[in-house]
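Student: I would like to learn how to read a sheet and a chain contact in a structure. Could you take me through them slowly?

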Amino acid sequence: MDTNIEIKNLSIEYRMRNGTVHAVRDADFSVDKKETLSIVGESGCGKSTTGHAILKLLPSNARATGSIIYNGKNILTMSNNEIRQIRGKHISIVFQDPMTSLDPIMRVKDHFFELIKAHDSKVNEQEMIEIASCALEASGVSAKRLNNYPFEFSGGMRQRVMIALAIALQPSVIVADEPTTSLDVVVQEQIMEVLKNLKRTKDMSIILITHDLGIVAEVADKVAVMYAGEIVEYADIYNLYKNPLHPYTQLLLKSVPNIKIGDMELHNIPGSLPDLKNIPQGCRFRDRCPMVKDICKKETPPIIDKDGRKVRCWLYG
Amino acid sequence: MKLKTYILTRILLSIPMILIILTIVFFVLRVLPGNPVLAMLGPKAPPEIIHAMEHQMGLDKPIIVQYFIYLSHIAVGNFGTSTYTSLPVLQELVQKFPATFELTFYSMIIAVSIGIFFGSYAAYNFGKPADILARVYSIFVYSFPVFWFGIMLQLIFGVWLHWLPVSGRSSPFMIPNHIYTGIYSIDALLNGQFDIFVDAVRHLILPSVTLGVVISSIFVRMVRSNVLLALSSQYVIAARARGESERKILFKHALKNAMPPILTIMGLQFALLLAGAILTETTFSWPGIGNYLITRISYRDFPAIQGAIVFFAFFVAFISILVDIINAWIDPRIRY
Amino acid sequence: MISSKIVKNIKQLMGDSSGVLFIIGLFLLIAFIIMAIFAPYLAPYSPIKPSGASLLPPQSGHIMGTDNLGYDVFSRVIFGSRMAFSIAAIATSIAAAIGIPLGLIVGYIGGRLDSFVTMVMDSVYTFPGLILAIAIAAMLGQGMINISLSIAVVYIPTYYRVIRSQVATIKSELYVEGARAIGAKPPVILSKYVLPNVLPSTIVVLSMNIADAIMTEAGLSFLGLGIAPPTPDWGYDLSKGQQFILQNDWWLVVFPGLAIILIVLGFSMFSEGLNEYLNPNIGEKR
């Protein structure tokens, strides 16, 4: 299979008034065509930051190093105009909070028109309405609602509109940043159905960012587990669930009574994330790790290849 | 709710507000110490004349009766007769109003343009020199007394450079042949009298720049903070993620969403603009209602004073209704 | 050491822009307060007696020139600060003394009284303050107390609105409900729980308000409704000076105007800096 997007040595820092936050360190992963990669981790572990970096949407106080290669070009070094042409057309994103992601004073159709015109100014209104209707229907929204304002939709319906906007121009990569977190359980299920259908019918890669291992099991092909800004384990879904290597992954999966877990269960692992402003030497998980060794406190573990899988842990080094 | 229904409701809701202001004006002008008749005729006037005058003005009736007479007269547009010119006050006000309207209108355009462009430019360049300049500008210009700034402009552009006239609405004999609106700059154009148009605009520049720049200090600040708020919202990031250009994000999303609060504040500041207009009109001898009010105060012409203040009250109420309607038109959520 | 503490605090203040504003504003205010208190010692001449030929341009002996009556402009500018401070202080005290208790009590009682008083206050608030002040001043006539009263009436709603809206939120807080539940009487609740909470924003409004009051006073005197001449007053001096600008006697208007600008600037910078410390959330409310 062909690689669609490849992330190498990605590190991201936020410069704050009271210090630098090392949000992501040395992340490596790639997504093939038609593949779904899931980035899993607790809130604050850098997974959303990684997702936003793929579209160069980081705030101005963030600094990203490394490379994000799309179509042979590094997104991180692109000019504003270059990345503008990629956003929405080649790579699109669905945000966590559908309630605030649509402009409250624009009709739904105007959101589509804006998207289409940003990439091709010659399209006429009839064609634009066709594209918009098509995308809306594919996401489970009636095309009749094109003239409605966002406040006339429920949260779940707004998220469907957001998905429709993300797929309208048939991009090759969609970043879904916790698309169901702020929705209630029934609606979550419906939104995941929409995403799964996309996978079947459209020819695109999905990068699904979530803390919900249940969702991961449903749709992902590959999983990158993140902890405190680092990818600690990177494997295909089957192997990860059958034989988790990293102690963090093991604890994550153990804390799942059945396959459905919500945000709360992740905190069953005792301890909390280290302060990302001054990270101590050694493994970032060592204070919460049940299998901690001496070396974990002294040296940062490298990424270790184990049976074709990648894990960042001294147990295997 | 349809826009029409909204407008109607809004007008009805402003009636109590106008009533309260009218009551306060009545209280101030009739109940406060300072007998208007005595003030007009002087303390040495014979008592018979004072009584006759009081009777003529209805001041010998009980205060509550006077109050209802006052309200009923205003309701039918009877603002009384000037004791100085013996003309109906309303007629004088209507004649003076176009000058005030012209001045406030052009000042508002200047203030709004500076406010929107400078304010959103500053917000867009948050923390950069342009932003700091905007903050310094708004805090400095806010502390300019309108009349002082006006006098400075008169001094620089009128006295030193001789570029522009320092007072009045027009040069002698430079009045449009036919008056349609009373707004000279428009009437001259409608008549096709280009020289008179230029003359009117030359007279307008200093007063409207004076008032416009001083008011713009508040607008720059308001626009900046509201656009800043809108720029940090999720739908702006979402629009950026769809490949929208930064310029369009600023104008189509941030500025448009920031508009309702900005307009509301601008509507509130209209009161300040009118207050500034009185000072500007006095500074530039601009023959509007503000100038009329101040002149008539010195002549102790009480019906005229009362009429001018009531007129300002209606003007303020009208503008606040107008602002709410524009807001409802921009933001569909308000209507529902 | 206290001095090192002060240095550290100043450094911290200079760290962001609002701190710089605060310090500059504070220095301006201190300068004007000194000017007002020590006016007789600072001014070279009497402000109400001719001290030289009329309409002298700035020169040694008369650094800001003289006016048409031969009064020294510099001395009048210095003495003018007394009038500005007195009227602003009296006006804001009256406005605060009426607006704050009214806001506290009405906001606490709530109900129909609240809606009625709020509507009245909002109506006054939306009406152009200067115009109302002009009307009252025109009725009451010239004089310090009369002018202060006219200005005070205009600013009562400013205090009322800020206090009432805060009281309305605070009174439903748990600790206030708790106090009520154990039988605390309204005056006790108001003075012990509510007032300390609304105090920070009140202080900010007060200092912003002084700037506005000075501006309004200058406006009224400019229109001839202020203090009876020859008492030195910046607004009045400006309007008199305007009569002479056509003959280019700029010093009559430039200096009194700069005095108004600097004192207003002082108060608004001071209050803006103060605002960001005491309550970062009321932000743009004026």
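Student: In what order do the four strands of the open sheet in chain A lie, and in which sense do they pair?

Tutor: Keep in mind that this is a predicted model. To read a sheet, follow which strand lies beside which: in chain A the order is S2-S1-S4-S5, with antiparallel pairing in an open sheet.

Student: Which strands are the edge strands of that sheet?

Tutor: An edge strand pairs on one side only, and here that applies to strand S2 (19–32) and strand S5 (73–74) of chain A. Strand S1 (residues 3–16) of chain A pairs with S2(A) in the antiparallel sense over ten bridges, and within this part of the sheet Ile5(A) stands opposite Val31(A) of S2(A).

Student: Turning to the chains, how many residues of chain A are in contact with chain B?

Tutor: A contact here requires C-beta atoms within 7 Å. In chain A, 24 residues are in contact with 19 residues of chain B, and H4(A) gives the most to that side of chain A, namely four residues. The side of chain A that touches chain B holds twelve nonpolar, six polar and six charged residues.

Student: And what does the side of chain C that touches chain B consist of?

Tutor: There, 37 residues of chain C are in contact with 41 residues of chain B. H6(C) provides the largest share of this side of chain C, with nine residues, and the residues of the side divide into 27 nonpolar, nine polar and one charged.

Terms used: Residues numbered from 1 in each chain as written. Chains lettered and ligands numbered in written order. Predicted model: local features only at pLDDT ≥ 70, side-chain atom pairs only at ≥ 80, totals over all residues. Contact = placed C-beta atoms within 7 Å. Helix = DSSP H or I, 4+ residues; strand = E, 2+ residues; numbered from the N terminus. Nonpolar A, V, L, I, M, F, W, Y, C, P; charged D, E, K, R; others polar. Pairing = 2+ DSSP bridges.
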